[in-house]
Amino acid sequence: NWSTICLPDVKYPSAIWHETAHTYTYALGDEFLKKWGKAADFVYKGKEYPHEKEAFEKKIRFGILSAYGTSDAKEDIAEWVEEIYKFFYPGMGSVFVNADKKIDKTDPRFLQKFELLYKNNFFNEEMYKKIKPLLQ
């Protein structure tokens, strides 16, 4: 049931952002997921592969921000939203903090996904203006 968010023993607000992104994605429906699939241009793996975690710690690629995001489109979206909000909380360790070193800016999928999230109101204009330059 995507209208309910279960958060047992939440220690970090990032879990709230992540799970709320799932609920909002569900509310947006299949059309949004189709647009995401087009922007993603990636075959999701169905589960997180342990070898991906090490690779993602070195370089974020494929327009995906974490190894967990390789599992499916919904997790990819939730990971994006979580990382965007983490950026505005010092010490949370967002991938956008060291974007120049971590994100492959030559891959247009990063900016396409970011723009799609913004156009669908996952975050506000102030957040958009601060993060967009990090992806260009």
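A residue counts as buried when its relative accessible area is under 20%. At 18% relative accessibility, Phe42 therefore falls in the buried class. The structure discussed here is a predicted model.

**Aromatic pairs**

Searching the whole structure gives 13 aromatic pairs. One of them joins Trp17 and Tyr89, whose rings are 5.1 Å apart centre to centre, with 40 degrees between the planes, a tilted arrangement. This pair links distant parts of the chain, 72 residues apart: Trp17 belongs to helix α1 (residues 13-28), and Tyr89 sits in the loop between α4 (73-87) and α5 (99-102). Trp17 is buried, at 14% relative accessible area, whereas Tyr89 is partly exposed, at 43%.

Phe42 and Phe62 form a tilted pair as well, because their ring centres are 5.4 Å apart and their planes meet at 35 degrees. Phe42 is found in the loop between α2 (30-40) and α3 (50-58), and Phe62 in the loop between α3 and α4, so this pair ties together parts that are 20 residues apart in sequence. Phe42 is buried, while Phe62 is partly exposed, with a relative accessible area of 28%.

| Residue | Relative accessible area | Class |
|---|---|---|
| Trp17 | 14% | buried |
| Tyr89 | 43% | partly exposed |
| Phe42 | 18% | buried |
| Phe62 | 28% | partly exposed |

**A ring cluster**

Ring pairs also connect Tyr24, Phe32, Trp36 and Phe122, which together make up a cluster.

Notes
Residues numbered from 1 in each chain as written. Predicted model: local features only at pLDDT ≥ 70, side-chain atom pairs only at ≥ 80, totals over all residues. Heavy atoms only, no water. Phe/Tyr/Trp six-rings, centres within 6.5 Å; stacked < 30°, edge-to-face > 60°. Helix = DSSP H or I, 4+ residues; strand = E, 2+ residues; numbered from the N terminus. Buried < 20%, exposed > 50% of the residue type's maximum accessible area, 1.4 Å probe, protein only.
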